[in-house]
Amino acid sequence: MAETFSFKLIAIDGKARRGVISMPRGEIRTPAFMPVGTGGTVKAMYMDQVRGVGADIILGNTYHLMLRPGAERVAKLGGLHEFARWPHPILTDSGGFQVMSLSKLRKLSEKGVTFRSHIDGAPYEMSPERSIEIQGLLDSDIQMQLDECTALPAKPTEIERAMELSLRWAERCKTAFGDQPGKAMFGIVQGGDSAVMRVRSAQALKAMDLKGYAVGGLAVGEPQAVMLEMLEITCPELPANRPRYLMGVGTPDDILKSVARGIDMFDCVMPTRAGRHGLAYTRRGKINLRNARHADDPRPLDEESDCPAARDYSRAYLHHLVRSQESLGAMLLTWNNLSYYQKLMQDIRAAIEAKAFETRAAEISEGWARGDIPAI
């Protein structure tokens, strides 16, 4: 285990990067996908399963954990790693996404954000300093700056205002974070769909000399082509020797195309949410287990998968569980989905090391395009 936080590039293939983040609680192989454990749990999964599918790090959410069970309570109980029984690295989102998603329940000022709890309406103040304090109480390994995430489309004046506010908050978060050996605070590039704003944000954050950099405010309503354009503009402005994290993204196709543009880290609720709604991600694309075509199908989702959920259960059984709203259906499909995402990341890392990323990405995409096996 490393005593300090560090990032090392192992291989580069085009703009795709293979690296490793080292820190006291373990190594994170990049490109990495972080399963989302918003409230201290990856929904429908045991933590040993999450580790078993290949996850090196999970994500927790500052806003949700602030509401319940409360950061001070988690600290008294030994921190989030002990509380959730996940001894490996944890990244915590600062609450900035909720500035956007809960816009009807918050008030924004230079000082910070005042939220009305979506649970009971109680008021909570979240300043940049308080966000870092909460993340410290949770004892997370990678802490994100508080930012204002703007939904797209948005007016240029609104994009600029939010970006500039996020930069001022980044400075305050950096000061509040101080020097924490073995841990890191990441800044977040904002700027909506404006190339000029993205470059300004990235350059200002680079000047702060942070341990890592995230790209936020994408996959919030804009077409994929716009997201990719913003990555092409932003990534070259960020330090090559620091990890780059694309927040809240995405589909397997989003991941492939973002890695090709230089992104190292991802998180998204998509694989766990899809699993709870009867959708399976596979090498043949997305499969809807609600469809009647699966009702009498004795074949598994994927006979070649290493994951028991994909290999050992019939489509007919999975269809029955989903249609009957049995909890096991959500558990098995979430297990399958997170396993597929981690297998995808493993595949990407190996391809970059072999200088074959472009070829392998095309093969993976062709597999999705061919689609599922024919119905019986």
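Four bridges join strand β11, which covers residues 184-189, to strand β12, which covers residues 212-215, and the two strands run parallel. This pair belongs to a predicted model, in which eight strands form an open sheet with parallel pairing.

- Read across the open sheet, the order of the strands is β4-β14-β13-β12-β11-β10-β6-β5, and the edge strands, each pairing on one side only, are β4 (32-35) and β5 (58-61).
- From one strand to the next, the twist of this sheet averages 25°.
- Helix α7, made up of residues 156-177, packs on the sheet and touches both β10 (142-144) and β11, while the direction of α7 makes about 180° with that of β11.

- Gln190 is found in the loop between β11 and helix α8 (195-207).
- An unreviewed UniProt entry lists Gln190 under "binding site", together with Asp93, Ser94, Gly95, Gly96, Phe97, Asp147 and Gly217.
- Gln190 counts as buried because its relative accessibility is 3%, which is under the 20% limit for that word.
- Leaving aside neighbours within four places in sequence, the residues in contact with Gln190 include Asp147, Glu148, Cys149, Met163, Ser166, Gly216 and Gly217.
- With Asp147, the side chain of Gln190 makes a polar contact, side chain to side chain, at 2.6 Å.

**The nonpolar cores**

- The largest nonpolar core has 89 residues, and of these Leu246, Ile348 and Phe357 touch the most other members.
- Helix α14 (residues 327-353) supplies the largest share of this core, namely 11 residues.
- Beyond its neighbours within four places in sequence, Leu246 is in contact with several residues, among them Val215, Leu218, Met227, Leu231, Ile263, Met265 and Phe266.

**Helix α13**

- In helix α13, which spans residues 315-323, the buried residues are Arg315, Ala316, Leu318, His319, Leu321 and Val322.
- These buried residues of α13 pack against strand β16 (285-288) and against the helices α12 (308-311) and α14.
- Just after α13 comes Gln325, which takes a positive phi of about 55°.

Note on methods:
Residues numbered from 1 in each chain as written. Predicted model: local features only at pLDDT ≥ 70, side-chain atom pairs only at ≥ 80, totals over all residues. Heavy atoms only, no water. Pairing = 2+ DSSP bridges. Axes fitted to C-alpha atoms, helices over the stretch in contact; angles between N-to-C directions. Contact = heavy atoms within 4.5 Å. UniProt positions renumbered as here; feature names shortened; annotations may be inferred. Buried < 20%, exposed > 50% of the residue type's maximum accessible area, 1.4 Å probe, protein only. Polar contact = N/O pair within 3.5 Å; in protein donor to acceptor, adjacent residues only side chain to side chain. Core = buried A, V, L, I, M, F, W, Y, C linked by side-chain atoms within 4.5 Å.
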